[in-house]
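Here is a briefing on one protein chain, arranged by topic. Please look over the sequence and the structure before reading on.

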Amino acid sequence: MDEVTFKSDTVLSDVHLYTPNQRHLMVRLNGMGQPVFLSQFKVLWSRDSGTNSGAEDNGPRHVSTQEAPPAGSGSGHSHEDLSLQAGDDITIRERLSVPLDEDGDLDVVRRPRAASDANQSEPARDKVHPMILAQEEDDLTGDGAQKSCPHSIIKIEHTMATPLEDVGKQVWRGALFLADYILFRRDLFQGCTVLELGAGTGLASIVAATMAHTVYCTDVGTDLLAMCQRNIALNSHLAATRDGVIKVKELDWLKDDFCTDPKVPFSWSEEDISDLYDHTTVLFAAEVFYDDDLTDALFNTLSRIVYRLKNACTAILSVEKRFNFTLRHLDVTCEAYDHFRASLDSLEKLADGKLRFMVEPVEATFPQLLIYERIRQLELWKIVVEPAA
């Protein structure tokens, strides 16, 4: 795919925009008929991380805490490497049963025109017999998927150039930024039960599962949650030596309760809800603050859940401060970010005698282990929730 066609209502993540064309490998169509691409994301483990690069690598155990390059510096990578490192394209094609050309597109199978065909006066032309990719045809949970993936590779299926309501199907810089912090703060996640709100492709949940005991990976929409489930299966090798588990569940911020209808895909069981309330100590979300109504809904959901938790907890929120020109102001503004900050301030000032919310920014000095452009507009905010004195 040499060019990306944009419509007025489509949005494309910078992560995908800056990735060279040959690194976009289309593997299937999702339930909505959207092309789904496969990217390989490489974790750059430091030498003193305690991880071997050989075949017997058992996954990350420790991350160096040396200071990373300053935010916005681009970390010394070329413009071609501003997004996550894609794996070797030839290797990817060899693992798929579908013939692909050098750009990752379907290689159409042709055969010579039969001699008995009518209208022989026309120049000879091959007949085209396209091969159609069948949905859900590959086995993502087999042993082959685990053995073929080194522990430094994260494989993510995603879409590109989606309507605004489907932006969760793309990978965003804020998710990579949050994943870096999770890898840095292993002590915060080790052996814990954690909840991701608005998980999208599930990248941050997959990273958290390398150290957490249970990860509740939540979002809304059957097609998106099915994509999460596939990505978790693609990366089962990361947790192969651990007891961690990722549970994909539907959590609609516009509703006041969990969906417990067993007929609904990705619904909650009573045991899951009890486990969530009894053991969760960390909540996190990335790049979900682009619409004021959704921002309000997220903070309402966050407050509703933490008030029912039996333990004190910490929430980590990742946001990118985006500037846009608006006709209303006739100026460049960042209204979505301003509303997010106002919501944080309101939460911190909340005084009901039950819980205390302590809000503070997280300095972007932690190591960068994923390749992307860590711009100054990327921010992390930490909310520590404790019982009021």
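The model is predicted. The protein chain has 389 residues, and 50% of them count as buried. Its secondary structure comes to ten helices and 16 strands. Among contacts between residues at least 6 apart in sequence, 72% join residues at least 24 apart.

**Nonpolar cores**

- The largest nonpolar core holds 49 residues. Ile 182, Phe 189 and Phe 284 have the most contacts inside it.
- Helix 4 gives this core its largest share, eight residues.
- A second, separate core has 36 residues, including Leu 276, Val 319, Tyr 337 and Val 385.
- What does Phe 284 touch, apart from neighbours within four places in sequence? Its contacts are Leu 178, Ile 182, Phe 189, Val 194, Leu 195, Glu 196, Leu 197, Ala 204, Ser 205, Ala 208 and Ile 316.

**Aromatic pairs**

- The whole structure contains twelve aromatic pairs.
- Phe 189 and Phe 284 make an edge-to-face pair, with 5.9 Å centre to centre and 70° between the planes.
- Phe 189 belongs to helix 5 (residues 186-189) and Phe 284 to strand 11, so this pair ties together parts that are 95 residues apart in sequence.
- Both Phe 189 and Phe 284 are buried.
- Phe 289 and Phe 340 have ring centres 4.4 Å apart and planes at 45°.
- Phe 289 sits in the loop between strand 11 and helix 9, and Phe 340 sits in helix 10, so the pair ties together parts that are 51 residues apart in sequence.
- Phe 289 counts as buried at 5% relative accessibility. Phe 340 counts as buried at 0%.
- One aromatic cluster is formed by Phe 177, Tyr 181, Phe 184 and Phe 366.

- Ile 246 is part of strand 10.
- Is Ile 246 buried or exposed? Its relative accessibility is 16%, and buried means under 20%, so Ile 246 counts as buried.
- Ile 246 and Ser 205 are 41 residues apart along the chain, and their C-alpha atoms are separated by 7.5 Å.
- Leaving aside neighbours within four places in sequence, Ile 246 contacts Ser 205, Ile 206, Ala 209, Val 215, Cys 217 and Ile 232.

**Helix 8**

- Helix 8 spans residues 270-279. Its buried residues are Asp 272, Ile 273, Asp 275, Leu 276 and Tyr 277.
- An α-helix has 3.6 residues a turn, so residues three or four places apart point the same way.
- The buried residues of helix 8 pack against strand 8 (193-196), strand 9 (214-219), strand 10 (245-250), strand 11 (280-286) and helix 9 (292-306).
- Leu 276 is also one of the residues of the second core.

**Largest pocket**

- The largest pocket holds about 1,200 Å³ of space.
- Its lining has 50 residues. Leu 164, Val 167, Glu 287, Val 288 and Tyr 290 lie nearest the centre.
- The lining divides into 24 nonpolar, eleven polar and 15 charged residues.
- Which elements each supply at least two residues of the lining? They include helix 4 (173-184), helix 6 (203-208), helix 7 (222-234) and helix 9.

Technical notes
Residues numbered from 1 in each chain as written. Predicted model: local features only at pLDDT ≥ 70, side-chain atom pairs only at ≥ 80, totals over all residues. Heavy atoms only, no water. Buried < 20%, exposed > 50% of the residue type's maximum accessible area, 1.4 Å probe, protein only. Helix = DSSP H or I, 4+ residues; strand = E, 2+ residues; numbered from the N terminus. Contact = heavy atoms within 4.5 Å. 1 Å grid on protein atoms, 1.4 Å probe; cavity = no way out; pocket = protein on both sides within 12 Å on 5 of 7 lines; lining within 4 Å. Points joined across faces, edges and corners; volume = space filled by probe spheres on them. Nonpolar A, V, L, I, M, F, W, Y, C, P; charged D, E, K, R; others polar. Core = buried A, V, L, I, M, F, W, Y, C linked by side-chain atoms within 4.5 Å. Phe/Tyr/Trp six-rings, centres within 6.5 Å; stacked < 30°, edge-to-face > 60°.
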